[in-house]
Amino acid sequence: METNLAAREDAATILKLYELRTDPVMREARSWMTAEFWPKSAQEVQAILADFGSQHNCWFRQVTSYWEMAAALVNHGILAAALFCDTNGEPFFLLAKFSPFLAEIRQNSPGFLKQLEMLCEQSTLARQKLEGMIASLEKRRATAGVR
């Protein structure tokens, strides 16, 4: 996947993805997902997913579906993997955050973060970013008491 060089159109796509991330509601949702929501189990994730209409459910779905959509653009050859990986950390952070309970979450939500996982399986750079995030989160959990 990394052999594909970015095209001019990739620049417009990556800038549009960035622009969408700056929407005030999206910023709030991303802030909650990255800084406040630290599930200790798949059950805590499932509780959010089952709480239809709640603010946290909306934010959770907004952020995960956004990054899944962006990863799908890469997986379908619309956006160069290397450019996506070089300009984004958050999707890999989220996959790392949920990785301890991914299999269990997928028992009820089979497609959960499948596009991001596929990207990491197909791209060495994406896999390296994910591995770095997993190591960083493990260290953070151990030193800061983060779940």
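## Basis of the model

Residues are numbered from 1 along each chain as its sequence is written, and side-chain values use heavy atoms, with hydrogens and water left out. Because the model is predicted, local features need pLDDT of at least 70 and side-chain atom pairs count only at pLDDT 80 or more, while totals for chains, interfaces and linings use all residues.

Helices are DSSP runs of H or I with at least four residues, and strands are runs of E with at least two, both numbered from the N terminus. A residue is called buried under 20% relative accessible area, exposed over 50%, and partly exposed in between, using a 1.4 Å probe and protein chains only.

Helix H6 covers residues 90-98, and nine of its nine residues are buried, so the helix is largely enclosed by the rest of the structure. The buried residues in H6 are Glu90, Pro91, Phe92, Phe93, Leu94, Leu95, Ala96, Lys97 and Phe98.

Glu90 belongs to H6 and has a relative accessible area of 12%, which makes Glu90 buried. Apart from neighbours within four places in sequence, Glu90 is in contact (heavy atoms within 4.5 Å) with Arg21, Arg30, Thr34, Val63 and Trp67.

## How H2 packs on H6

Two packed helices are described by the angle between their axes and the distance between the axes. Axes here are lines fitted to C-alpha atoms, for helices over the stretch in contact, and angles run from 0 to 180 degrees between N-to-C directions. H2 and H6 pack at an angle of about 45°, and their axes are 10 Å apart. The two helices, H2 and H6, are therefore oblique to each other; angles under 35 degrees count as roughly parallel, over 145 as roughly antiparallel, 65 to 115 as roughly perpendicular and the rest as oblique.

H2 passes H6 in a left-handed crossing, a term used if the near helix is turned anticlockwise from the far one by less than a right angle, with right-handed used if clockwise. On the H2 side the contact is made by Arg30, Met33 and Thr34, and on the H6 side by Glu90, Phe93, Leu94, Lys97 and Phe98.

## Salt bridges

The structure holds three salt bridges, each being a side-chain nitrogen of Lys or Arg within 4 Å of a carboxyl oxygen of Asp or Glu. One of them joins the side chains of Glu90 and Arg30, at 2.8 Å from N to O. Glu90 lies in helix H6 and Arg30 in helix H2 (residues 24-36), so this pair ties together parts that are 60 residues apart in sequence. Glu90 is buried at 12% relative accessible area, and Arg30 also counts as buried, at 12% relative accessibility.

Glu117 forms a salt bridge with Arg106, where the closest N and O atoms are 2.8 Å apart. This pair links distant parts of the chain, with Glu117 in helix H8 and Arg106 in the loop between H7 and H8, eleven residues apart. Glu117 is partly exposed at 23% relative accessible area, whereas Arg106 is buried at 13%. Glu19 is bridged to Lys16, with the closest N and O atoms 3.5 Å apart. Both Glu19 and Lys16 lie in helix H1 (residues 8-21), three residues apart, about one turn of the helix. Glu19 is partly exposed at 47% relative accessibility, and Lys16 is partly exposed at 42%.

## Cysteines

With a disulfide taken as a pair of cysteine sulfur atoms within 2.5 Å, the count comes to zero disulfides. Cys120 is in no disulfide, and the nearest cysteine sulfur, that of Cys85, is 7.2 Å away. Cys120 is buried, with a relative accessible area of 5%, whereas Cys58 counts as partly exposed at 30%.

## Two other buried residues

Asn57 is in helix H4 (residues 55-75) and is buried, with a relative accessible area of 0%. Leaving aside neighbours within four places in sequence, Asn57 is in contact with Ile48, Leu49, Ala50, Asp51 and Phe52.

Leu113 sits in the loop between helix H7 (102-105) and helix H8 (114-122). The phi angle of Leu113 is near 55°, a positive value in a residue other than glycine. Leu113 is buried, with a relative accessible area of 3%.
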